[in-house]
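Please consider the sequence and the structure shown here together.

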Amino acid sequence: MISEFDKSKIKGLILNDIARKGGKYVANWRVYKPVIDHEKCVACGLCISYCPEQAIEPGDDGKPVIDYRFCKGCGVCANECPQKAIEMKMEETQ
Amino acid sequence: MTQDFDVMPGNKAVAHGVRLARVEVVPVFPITPQTTIIEYLSDFVANGELDAEYVHTEGEHSCMAVALGASMAGARTFTATCSQGLAYMHEVVAQATNYRAPIVMAIANRTLGWYWSLGPDYSDIMPEMNLGWLVGFVESNQECLDQILMNYKIAEDYRVLLPTMMSLDGFYLSYSQERVYLPEQEAVDEWLPPYKAPYPVDPTLSKAWPSANLPSQLHTTYRRLHEEVMEDAKKVIAEVDRSYMENFGRSYGGMVERYRCDDADSLMVTMGSMTTAARRAVDKLRGQGEKIGLLKLRFMRPFPKEEVIEVAEQVDSIGVVDRVVCHGTGGGMAFMDVKSALYNTDVRVPVKNYVTGLGGEDIPIDDLYMMGKKIIGNKGKKLSKEVDFVEHPLPSGAQPIDIENEHCVHPGSDGCAGCGASIIIRTLLDTLGPNTIVVDPPNCSGVNYAGVVKVPWVLANFASAPAYETGIYRALRKKGKADKVYVTSYSGDGGTVDIGLQSLSGAAERGESIIWLCYDNEAYMNTGIQRSGSTPLFAATSSTPVGSVWKGKPQRRKNMLMIMAAHRIPYIATASLAYIPDLKRKIKKAAEVTRNGEGLAYLHVHQPCPTGWYFDPAKTVEVGRLAVQTGAFPLVEVDHGEFKISVKPKELKPVKEYLEPQRRFRHITEEQLEILQTYTNGDWEALLKMEKEGRLPWY
C-alpha cells in the first residue's frame, strides 16, 4: 500500500467511497453558540430543516438536539425559530 | 530613473503590467489561481485607471475568441487563464498563431485534471507548447510585471507578430507578496508605443487580413516559415531584454539566465519559481567547494537550443528539474527538450531528470540540494536510470468523525457558516433517496460537500456536465435501470446559465430524462464572487466592482425560466431554500417526470450566499424569504406547459427590504432602486398575466 488512497484493485486507480464515515470537526469555527430553551420549544422542526450543517436532529421527545461538534455557529436556527427559543451565546475563550 | 515600489502578489504585478501597457481589450473568465489578475484589472477599469473594453465572457472558449477577434481588429489585447480554462481554450489558442495575433496571455499555472488540484505544475501549459506561441516562464513578481511589458514589445514586433504566453506559478507567485518596482507611465509609453496592426480586420484601414486557408500542398512550407519566425523571435527576445535594461534598469538574460555557470563543471536546469530555491541550493553546494551552475529556461518556445548546447559543452553532468510528466515518455518536458538539443552534437554527458513538485507540492531547497549532489556525483558516469521521481509521503491528517444518521449527507462539511447550498443538497438527496447519482460541474458545493454525501458524486468538466449526465443516463437506460436511479446535477449558476448552457440546451432538446438542479447564488462564488449571467442588475461583485466609473453590474440577469421553457421540456420550476415543502414537492415532481422517461426536469433554486452577498450568516433563510416576498425571485412552475405561480404574496413587499441586508447593494442610489423596483413590478405583472393565460402557447 502506497497511501491511504490506495484501496482499489487496479494499479494507480483512486476511488471515491460511499461507505466513508462522517464529516469534519468544525466547532472551532464558532464565535456564538446556539442554546435551545426546551421549555419554549414547540418541536416545529424548522431549525432542523434549516440548519445548514445538519447539526440538529430531533431528540427522543421530538425536540431538537444540537451536535456541537458540527455547529459552525451561523445563527440561522436562532433567526428562524418562531418561538424565539434559541439564544446565541458568546463562546467562552480558553 | 527612480521607480516607486510596492509589495504585491504576482497577479497584481501582472495587472499593473497590463495597465502600464495601456491594453485596449481585456476579455475575462475567472479560474483559480488566475482570478485575481482579472479582479485587479476590473478595479483599474472601474476606477478609470485603465481605459479598456472589459468583457465578462461566459467561458474560456469565448474568452480566447474575444481576445483573438480584438487582436485581429487591431487592439492591444490581454487575457489570463490556467489549467482547465486553458484546456477549454485550446482550439482557439491554436487558431491565434496563423492569424498572427500578438495577444499577451498570463497563465497562473495550475495542474490540469486528472487528479484535481489548485496547485501549480506545468501539465496545463504542456498541451499548448507546440502550437506556435512564444511560451515563457517567470520566477518572481517583478519579472511578472517586466515580462508582460516585454512580451508586448516582442509580440508586436513585425519580425515576430505572434501571441505569447507567460507562465507564473500559481500560489507561489500568483498569491505571494513580493516587492515590485513600478515603472513610470511616461517611460512605458515612450518605450512601448500603441500597437499598430499591419493588416487589421477593419475595412476602413485595410483591404487584406490574415487568412486561415492554405492549400495542403503549402502547409509544410508555411510550417517551415513559422519555424523561421520562431528563430527570428530569439533575436527579438534578446534585443528587447537589452532595451528594457537600458530603459528600466532590469535585465533577465533573454532566452535563459545563467547563474554561477562561468567555471561550472556540472549543471542544474530549472524554470519558473522553483529557480529561487535552486539558486540557494547551488549557493550551498558552491559554499562546499562544488562547481555547480544553474541554467534557468526563461523561454521554452522557441527553445533555447544554442544556449543549452553552449553551457552543456563546458560541463560533465546535467540534471533537469521538471514540474510536469509527459506520460508515456517516462520523464518531463524540459528533459526531453534538453536531451534532444544535445543529440546531434559532440556533447556526451549524463543528463538526468528529476520530476517533482506535481500538483503544486513545494520543491524545497533541501530537495534541490540533494538533486544537486546527485548531479555532481553523476560526472563521468553512465546513467543506469534516466529519471527520478522525487516523492514524499502524505502527512497524516484529521480523521472524519464517525456518525450514523438516515440522511444522505453527513454533517461536518467545509462549507461557509450559514451556507444555503447545503440546505438544498440535503433536501434534494433526502427526497430522491440513495439511488441517486450527482453530477457536479465545478462549484463551491463540489469543494465543500462532495466529501460528505453518501451517494456517488461525479465531478464533471465545467462546460459539459449535462453531457456527463446524458452519458450516465443512457448507460443506465441501456441496462434497464433508467427508472431506478436518478441522475441529477448539482450545478451553480455559472455552470447553468453561462458556460454550461450549450450542453444543457442540447440535453433538454434531446429529451434526456435527467434532473438539472441549479443552485443559484447569483455569482461565481467558487472563484471568489465574480459576476455571472444570473447576477442581478446593479449588484457589486469582484469583477463588477463599484468605482468612479462602474456602478455595479450594468446588465439584467438571464431569464432562465423562459430559456428552458422554449425547449418545451416537461417540467420547469423555480424554488427557494426558504420554502422547503414547496422545494420538496418540486423535487418529487422532477423525480416523477424523469422516472417516467418524459424528458429533462429543470429546477432553479435560489440560494442566498452570506459570503458572496455580504450579509449576516444568520439571515440566509430570511433573505431567501424576502426575495420571494418582494418578487425579486418569484416561485413558479411550468408543468407540461401549464404555468403556475407557486407562492403568491397578497401584496409584494418593496424590493428595498430584500436589498437592505445585503452589502453587495449598499452603493445603490435612489434612482437605481427605482429602476430595480420598476423591473420587479414589470416581471411580476408578466407572471400574473402568464398564469391567467394558463398554458404557454408554444407547448
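This is a predicted model: local features need pLDDT of at least 70, side-chain atom pairs count only at pLDDT 80 or more; totals for chains, interfaces and linings use all residues.

Chain A has a mean pLDDT of 89, and 89% of its residues reach 70 or more. Among the elements of chain A, the lowest mean pLDDT, 95, belongs to strand β2 (residues 56–58), while α2 of chain A has the highest, 98.

Chain B contains 22 helices and 23 strands. Its C-alpha trace spans about 85 × 60 × 55 Å along the principal axes. How does the radius of gyration of chain B, with its 699 residues, stand against that of a compact globule? A compact globule with this number of residues would have a radius of gyration near 27 Å, and chain B has 28 Å, so the two agree.

Several details of the backbone of chain B deserve attention. The peptide bond that joins B:T32 and B:P33 is cis, with omega about 0°. B:P33 lies in the loop between β2 (25–28) and α2 (35–46) of chain B. Another cis peptide bond joins B:R301 and B:P302, and here omega is about -5°. B:P302 is likewise placed in a loop, between β12 (299–301) and α9 (305–312) of chain B. A further detail concerns B:S83, which has a positive phi of about 45° although it is not a glycine. B:S83 is located in helix α4 (residues 83–98) of chain B.

The remaining subject is the place where the chains meet. The contact draws 31 residues from chain A and 42 residues from chain B. Between them, chain A and chain B bury about 3000 Å², with 49% of this area on carbon and sulfur atoms. Which residues form a salt bridge with N and O atoms 2.3 Å apart at their closest? The partners are A:E80 and B:R625, and two salt bridges are found across the interface of chain A and chain B. The interface also holds 21 residue pairs in polar contact, counted where both residues have pLDDT 80 or more. On the side of chain A that touches chain B, the elements that give two or more residues are α1 (46–50) and α2 (76–80) of chain A. The residues of this side comprise 13 nonpolar, eight polar and 10 charged.

Terms used. Residues are numbered from 1 along each chain as its sequence is written. Chains are lettered from A and ligands numbered from 1 in the order in which they are written. Side-chain values use heavy atoms; hydrogens and water are left out. Contact means heavy atoms within 4.5 Å. Buried area is the accessible area (1.4 Å probe) that two parts lose on being put together, summed over both. A salt bridge is a side-chain nitrogen of Lys or Arg within 4 Å of a carboxyl oxygen of Asp or Glu. A polar contact is a pair of N or O atoms within 3.5 Å; within protein, one must be able to donate a hydrogen and the other to accept it, and residues adjacent in sequence count only if both atoms are side-chain atoms. Helices (H or I, at least four residues) and strands (E, at least two) are DSSP runs, numbered from the N terminus. Ala, Val, Leu, Ile, Met, Phe, Trp, Tyr, Cys and Pro count as nonpolar, Asp, Glu, Lys and Arg as charged, and the others, Gly among them, as polar. pLDDT is the predictor's confidence in each residue, from 0 to 100. The radius of gyration is taken over C-alpha atoms; the globule rule is 2.2 Å times the number of residues to the power 0.38.
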